[in-house]
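Visitor: I am new to this structure. Could you walk me through it, one question at a time?

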Amino acid sequence: MARTSRGERSQAEGPDQVGPTGRPWPDLPRPAPRDPTHQEAVVLALCNQKGGVGKTTSTINLGACLVEAGRRVLLVDFDPQGSLSVGLGVNSHTREASVYDLLMGSGTLPQDAIVASSTVGLDILPANIDLSAAEVQLVSEVAREHTLTRVLAPLKTAYDVILIDCAPSLGLLTINALTAADGVIIPLECEFFALRGVAMLIDTIDKVHNRLNPKLELVGILGTMYDGRTLHNREVLERVVEAFGDVVFHTTIRRTVKFPETTVAGEPITSYASDSSGAQQYRMLAREVLQRCPAA
Ligand SMILES: Nc1ncnc2c1ncn2[C@@H]1O[C@H](COP(=O)(O)OP(=O)(O)OP(=O)(O)O)[C@@H](O)[C@H]1O
Ligand SMILES: [Mg+2]
């Protein structure tokens, strides 16, 4: 097994090497250019009801790397905390329209709410605290679980990939995200309690698949905040692979202060620190996602 002098598995990138998850590193070719006849966006929800596991960081940086791969990407902030909006420098409190207005069908047009980020090709549908009211207001709606699906339907031809950054809950907003999605990515922090709650999350995904959205599938589980120098992190990642097998992405995202710094800077790591290993890891993730979702 390829290990550095500190006992850490090296970030293997050749086909003969072992990757951080302990499996042989796969062949991840440079993504093909986008298909100009592309019809509809692939919608992916980044979901985990556990807080602070890297959902928002992964949505922003995976989105930016998909743009680098030539895709037109919309990021949907679906968390009343509005962290995705803040993380890309959008002040969603001073904006007149947000995803909440679109959900409530108040006559707001998507183009009034969508903002272009500083990364060309990366758009944002922002959120703010108003969204917390939607959770309550939608309860009395007919087909309440399909509200976000209706909001995204007219936007699908304008993008290749739509990423939804979910809130840390399994409430009605997250059910809406899972109902609107073609696939789910589960970011999982590489620490002891990481696996707690994943069974419940997968059970929820299965229920949405069976009752509301038969096309929904689990695209992958992403190890985040990984520190290969600690035995503990390596053991957790090994257990995750034991439990979930090949659904776990080969790419893991390492712990680095660069990510909190990008939030302060309000930009993705691909522009904040383009040559950093963090940027490189999200580029590899983008390749894996495109390999697993050929329609994107
Ligand atoms: N790989 C990483 N290394 C170091 N810090 C990270 C990493 N990924 C994310 N962080 C930091 O950890 C914190 C939580 O990350 P993030 O906001 O992406 O998680 P989240 O799952 O979206 O949280 P929430 O559940 O509150 O929405 C942030 O301060 C972020 O900058
Ligand atoms: Mg978040």
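This is a predicted model: local features need pLDDT of at least 70, side-chain atom pairs count only at pLDDT 80 or more; totals for chains, interfaces and linings use all residues.

Visitor: What is the phi of M225?

Guide: Most residues other than glycine have a negative phi. M225 is a residue other than glycine, yet its phi is positive, near 50 degrees.

Visitor: How are α1 and α12 set relative to each other?

Guide: Two packed helices are described by the angle between their axes and the distance between the axes. For α1 (residues 55-68) and α12 (residues 277-292), the axes are 8 Å apart and the angle is about 70 degrees. Angles of 65 to 115 degrees count as roughly perpendicular. Therefore α1 and α12 are roughly perpendicular.

Visitor: Which residues of α12 make the contact with α1?

Guide: The residues of this contact divide into 7 nonpolar, 1 polar and 2 charged. From α1 come N61, L62, C65, L66 and E68. From α12 come Y282, R283, L285, A286 and V289.

Visitor: Which residues are closest to ligand 1?

Guide: The shell around ligand 1 has 6 nonpolar, 10 polar and 3 charged residues. At least two residues each come from α1, β7 and α10. In total, 19 residues surround the ligand, and the closest are G51, K55, T56, T57 and P168.

Visitor: Which residues touch the most other members of the largest nonpolar core?

Guide: This core has 84 residues. Its largest share, 7 residues, comes from α12. The two that touch the most other members are I164 and A177.

Visitor: What does A177 touch?

Guide: A177 is one of the buried residues of α7. Leave out residues up to four places away in sequence. Then A177 touches A45, C47, F78, L148, I164 and C166.

Visitor: How many residues of α7 are buried?

Guide: The helix runs over residues 172-180. Among its buried residues are L173, T174 and I175.

Visitor: Which residues is L152 in contact with, beyond four places in sequence?

Guide: L152 sits in helix α6. It is buried, with 23 other C-beta atoms within 10 Å. The C-alpha atoms of L152 and V76 are 9.5 Å apart, though 76 residues separate the two along the chain. With neighbours within four places set aside, the contacts of L152 are V43, I162 and A180.

Visitor: What does S276 touch, not counting residues up to four places away in sequence?

Guide: S276 lies in the loop between α11 and α12. It is partly exposed, with 16 other C-beta atoms within 10 Å. S276 and K258 are 18 residues apart in sequence and 8.5 Å apart in space, C-alpha to C-alpha. Setting aside residues up to four places away, S276 touches K258 and I269.

Note on methods. Residues are numbered from 1 along each chain as its sequence is written. Chains are lettered from A and ligands numbered from 1 in the order in which they are written. Axes are lines fitted to C-alpha atoms, for helices over the stretch in contact, and angles run from 0 to 180 degrees between N-to-C directions. Helices (H or I, at least four residues) and strands (E, at least two) are DSSP runs, numbered from the N terminus. Angles under 35 degrees count as roughly parallel, over 145 as roughly antiparallel, 65 to 115 as roughly perpendicular and the rest as oblique. Two residues are in contact if their C-beta atoms, placed from the backbone, lie within 7 Å. Ala, Val, Leu, Ile, Met, Phe, Trp, Tyr, Cys and Pro count as nonpolar, Asp, Glu, Lys and Arg as charged, and the others, Gly among them, as polar. A residue is near a molecule or strand if its C-beta atom, placed from the backbone, lies within 6 Å of it. A nonpolar core is a set of buried Ala, Val, Leu, Ile, Met, Phe, Trp, Tyr and Cys residues joined through C-beta atoms within 7 Å. A residue is buried if 20 or more other C-beta atoms lie within 10 Å of its own, exposed if 12 or fewer, and partly exposed in between; C-beta atoms are placed from the backbone.
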